[in-house]
Amino acid sequence: MKFRSSSVAALFTGTDGLTYAQARDLEDLLSRIKLTEKQAEKRDELIAKRDAPIELPVGAKSYIEELVDQEIYKYSPSFSSKETEKGTKVEDESIEIYNRLFFTNHSKLVESDEYYELEDEFTTGHPDIDSKELKKVIDIKSSFTKKTFPKFAKDGKNSNYEWQVKNSLRMLKWTHGEIAYVLTNTPEELLNDWDEPSLHYMDDLEDRLRVTIVPIELTEDDIKFMEGRLKAAQKYASEYREMLINK
């Protein structure tokens with residue numbers, strides 16, 4: 001099974017192996033010539049934790065089971081909201097605002113583009129924008145209202161979005177990306193009579209107030225963690241599929 005990059009974040013919750021502090025402790029213990037009995041026990045415990053097989057979190061298993069269920073029982077889930085509809089409808093306009101602010105000439109990837117559909121042994125999918133010159137992935141998020149728009153980078157931290165960008169970077173073998181939150185007018189057909197217009201119309205704002213950037217960096221530790229989880233996820237998908245077929 002290959003996972004869609006747009007939803008792969010469900011596989012990356014929690015941590016595996018040693019924490020940074022534990023890895024540092026283990027390195028210190030391994031460097032010592034002589035250990036006390038207690039130190040030797042701690043060393044062995046840390047080595048066991050470091051080398052233990054990856055155990056997927058419950059949420060990751062549920063996500064995989066749902067994907068296999070869709071495959072075996074031949075159905076597709078459906079989801080729609082005003083927020084997602086707006087994101088689709090105004091994406092080009094959001095990119096235009098981004099370009100105006102940063103003096104760039106980006107456009108949304110289309111099927112004829114080189115990196116439109118990325119694929120490797122684990123995942124498939126594509127980012128909103130790739131900059132080959134900068135080797136950077138940009139994920140555009142069009143906020144629904146002025147109130148829900150993150151005003152600073154710290155407010156726009158979102159692990160789902162970050163893992164999506166990191167997975168695209170992993171497939172491209174790049175290291176830098178960003179989430180770009182943009183304020184764009186909400187299409188009238190998505191508004192009700194009771195919606196407050198001042199929350200949905202943005203033309204009274206300067207471009208610098210309409211874009212918030214959250215930088216993303218892919219590290220070697222990220223890659224190791226992600227690929228370990230992806231291998232474990234494929235293994236669990238095969239096991240769950242066999243359980244369904246042979247029940």
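View 1. A pocket here is an open set of points on a 1 Å grid over the protein atoms alone, where a 1.4 Å probe fits, with protein on both sides within 12 Å along at least five of seven lines; lining residues have an atom within 4 Å of a point. The model is predicted: local features need pLDDT of at least 70, side-chain atom pairs count only at pLDDT 80 or more, and totals for chains, interfaces and linings use all residues. Residues are numbered from 1 along each chain as its sequence is written, and side-chain values use heavy atoms, with hydrogens and water left out. The elements giving two or more residues to this lining are α1 (20-31), α2 (37-51) and α8 (220-245); helices (H or I, at least four residues) and strands (E, at least two) are DSSP runs numbered from the N terminus. Five residues, the largest share, come from α8. The volume of the second largest pocket is about 810 Å³, taken as the space filled by probe spheres set on grid points joined across faces, edges and corners.

**View 2. The largest pocket.** This pocket has a volume of about 1,200 Å³. Its lining comprises 34 residues, of which T84, I140, K141, Y161 and Q164 are the closest to the centre. Two or more lining residues come from each of α3 (58-73), α4 (82-89), β5 and α6. Strand β5 gives the most, with six residues.

**View 3. Strand β5 and its covering.** All eight of the eight residues in β5 (residues 136-143) are buried, that is, under 20% relative accessible area with a 1.4 Å probe and protein chains only. K136, I138, I140 and S142 point one way from the strand, while V137, D139, K141 and S143 point the other way.

**View 4. The strand neighbours of β5.** Strand β4 (residues 129-131) runs antiparallel to β5 and is joined to it by three bridges; two strands pair if DSSP finds at least two bridges between them. In this pairing S131 stands opposite K136. Four residues lie between β4 and β5 in the hairpin, and K135 in the turn has a positive phi of about 50°. Strand β6 (residues 176-183) runs parallel to β5, with eight bridges joining the two, and H176 is the bridge partner of K136 in β6.

Terms used. Buried < 20%, exposed > 50% of the residue type's maximum accessible area, 1.4 Å probe, protein only.
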